[in-house]
Amino acid sequence: MIAEQCLKIVLTVSLLFIVLVRVDASNHTPGPQPPYNLRCEYLKDPIGIDVKKPRFFWMLQHSDRGQKQSAYQLIVSTEPSVETAILWDTGKVLSDQSIHVVYEGKPLESDRTYYWKVRYWDKNDTPSPYSSAAQFDTGLFNPEDWEGEWICGTNQVRKEFAVNGNVKRGRAFVCGLGYYEMRLNGQKVGNNVLDPGYTTYEKRILYSTYDITDTLLKGENAVGVMLGKGWSGPLLLLLQVNIELEGGEKLKFFSDRSWKGKDGPIISDSIYDGEIYDARLETPGWDQPGFDESVWSPVETGIVPNGSLSAQMVQPIRVLETLVPLTITQPQEGVYVFDMGQNFSGWAEIKVSGPRGTEVRLRYAELLYEDGMINQENLRSARARDIYILKGNEEEVYEPRFTYHGFRYVELTGFPGVPTLDTIRGKVAHSAVEQVGSFSCSNPILNQLQRLIIWGQKTNLHSIPTDCNQRDERMGWLGDAHLTAEEAMMNFDMGAFYTKFIKDIRDVQDKEGTITDTVPHIWGQRPADPAWGAAYPLLCWYMYRYYGDIRILEEHYEGVKKYVEFLRSKATASLLEYSYYGDWVAIEKTSGSFVSSFYYYYSVFLLKKMAETLDYEAEVETYQDLAAKIKDAFHKKYFDAETRSYANGTQTANTLALFLDLAPESVRGSVFQNLRSDILYTNNTHLTTGILGTKYIMEVLTDFNAASLAYELATQTSYPSWGFMIRNGATTLWELWQYKTGPSMNSHNHPMFGSVGSWLYQALAGIEQDENSAGFKNIVIQPRMVQDLQYASGTIHTPRGLLTSTWSKSTDNITLKVYIPVNSEAEIRLPKLKLRSIVLKESGKQVYNGQKFLTGIPGIQMVEETESAVIIKVGSGFYDFELLGK
Ligand code: BGC
């Protein structure tokens, strides 16, 4: 635990160091520095995008504080130098916009590489040097660009083709359903796994684009594709290779009926059950030119999926880490159990040598029985096993291709010989979103909690946000998706991921406007539980708040409106009755219709905010009125004047009423007192909330000046609490507050209770933004220095750059180090705690003394004292504050 805490501190300090180095480096050449971290549609140098007017953003650096962009110039060309062949030169645009600048140049073409660079002018009109060039590749924009046929029949297909010249540029566009692995001239193409990302295939199918310039050979080439079932029905492949030779000649090569197929070594594959691989069936050389394919048969054609082809503009799933087992035991003769030390998603790679035909079995589990054997009961019908049949070579290395498991323990049986810790490795696979946030503080429980949240969150990003990653489920349950979204956006680079998932939601919407509990829709209902369906407006809104994404609001306004209108059509007297899950897995139940009506209001409220942001004036009024009606009806129906509580007075009921101001001003105080005493006295500082109440209760307590109580809940270690999970050995959060291990519903990696993750950043590190700000333009730093917490530190990556807040307190001083990105401003609300007669210093110089703001320190616009805090307004840059007093 202590080691882990140190690690966190080291991480945070090193992040801070990076920030400082940036600032420091920029000090050497004064003025505006070249923009960095250039992104196109949220992605770094994306390959294969199919947005015809992509958006660009960049981050700014400056040697001075209080800096802004006053203008920018962006150039797009087809030449890497970005000097010639210019398609778009914005000239100097007077604007502070550095995110989501929409391409307005000459029309982009399919399958081209474009380069771009940008510079900016600071607030004094001094230009920065240009950024280094970034690039993006377009995919195939039009259905006609695809010349091949969908082929099927076997799980291995191949074709050879000749390239008569030197290759200047080669791209492969591939969609293999359910999953594929493309091989070219003996090598795997790219490093995606479990590709393409999961969508509602009847509506939309994703294809991936690969740069194969360096793998193509002059002369004969061979492509081989392995196919797996994934989430789909029949195995299908559509593939196209576009080649440009030096000299300009263009070649195309694609999947069609001339391909040959033969089932390969994968004799069965299933996401839930695992893979059976018979290495004796391998056909060496099949993915290389010159292979004898005389026993291979012609492929079949004729099945064409309904969904439209769409570029996979989201980080693919990849193997991102390799874990070494901590221990190996032998609970029974010939049964070996490896403890990977961490619950995660992926699989084991095994090294083995033995007689041909030996069958080695791997079984995966989250839990062990007392006798050390693995316990798979909670996986329900998922068999979670991989079987490898040896071909009998020297050493064979196997890892499954078309399945994944959620597990901590691996059981190995049938192993020829005695395995060692080096026999297996854990391959951690999930969507390759970068971790961009870090949080740490002086309380080890919270550092552990942050660790559990990170592991649970990332290992449940599998091109959709999944509820869990181990049992026979692993679905995009919408409730879980919206509850964890803010936490995910603070910890990971989620812009592209949610852009895709919000489209997935729209894909399931029907004419009536209904959406479904799970997306893609497998389990659950249509229409979704209103608390689940709220993911549609909520995710759109979070994308706007966190990433300043207006396009999401524009593209989904109609969809969200249709959804809200559907809810309205189901309402009786302005309230909703239907509900399936309500405050799911709560300790004390809250009325389902109460919860549904809350989310009805929330959905209307967000639609109104979307209309406001998009300047759809008439609609603002309509939904404002509707929201007011719901609010009124909600209070009338659910407020109990005698008990001064809502519904049955649970923590969740009172929390929801307070969270969105559904409770009128006149009763808010007493409702809050009820909530507080329920937590404190009735439940001895414990939660009784399910997943919904848990998300909002921390925020409500913090808003009502009871961050201290929220902190006690967050650090509680007896049942029910996050600390209780940690104390019981959890390495990811559980589905239930209870510790259960039987065949019932009890996943041990369920990220939904991790919604508290955003509260750690917001309340403890104090990273927030102004109510009307989007994309962290107007930052608020307001750390809650509660109880025994000695320090806290949070760093997130906003679309405008790194934002960090680190504070510490002692009896006679408080320090706060912040870094505010260029082009943003911040209001810092630094609590005075018990300090009186205060003096505020910044990097050792006084900025406030004896109730006077001492002007002249760069970047600091104002310092003001209130009863409980010092309010400091700053522009961009790094600041090192110290508050002293008696
Ligand atoms: C899932 C949950 C989900 C719930 C809805 C469960 O099976 O695992 O996380 O939100 O169903 O009832």
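Is arginine 204 buried or exposed? Arginine 204 counts as buried, at 8% relative accessibility, where buried means under 20% relative accessible area, exposed means over 50%, and partly exposed lies in between (1.4 Å probe, protein chains only).

1. On the basis of the note: this is a predicted model, in which local features need pLDDT of at least 70 and side-chain atom pairs count only at pLDDT 80 or more, while totals for chains, interfaces and linings use all residues. Residues are numbered from 1 along each chain as its sequence is written, and side-chain values use heavy atoms, with hydrogens and water left out.

2. On the salt bridges overall: the structure holds 54 of them, a salt bridge being a side-chain nitrogen of Lys or Arg within 4 Å of a carboxyl oxygen of Asp or Glu.

3. On arginine 204 and its partner: its side chain meets that of aspartate 507 in a salt bridge, at 2.6 Å from N to O. The pair links distant parts of the chain, 303 residues apart, with aspartate 507 in helix α4 (residues 495–508) and arginine 204 in strand β14 (residues 204–211); helices (H or I, at least four residues) and strands (E, at least two) are DSSP runs, numbered from the N terminus. Aspartate 507 is also buried, with a relative accessible area of 12%.

4. On arginine 408 and aspartate 339: these two form a salt bridge whose closest N and O atoms are 2.8 Å apart. Here too the pair links distant parts of the chain, arginine 408 lying in strand β32 (residues 405–413) and aspartate 339 in strand β26 (residues 335–352), 69 residues apart. Arginine 408 counts as buried at 17% relative accessibility, and aspartate 339 counts as buried at 12%. Elsewhere, salt bridges that share partners join Asp111, Asp137, Arg169, Arg171 and Asp211 into one network.

5. On arginine 280 and aspartate 278: the closest N and O atoms of this salt bridge are 3.0 Å apart. Arginine 280 counts as partly exposed, at 36% relative accessibility, whereas aspartate 278 is buried, with a relative accessible area of 7%.
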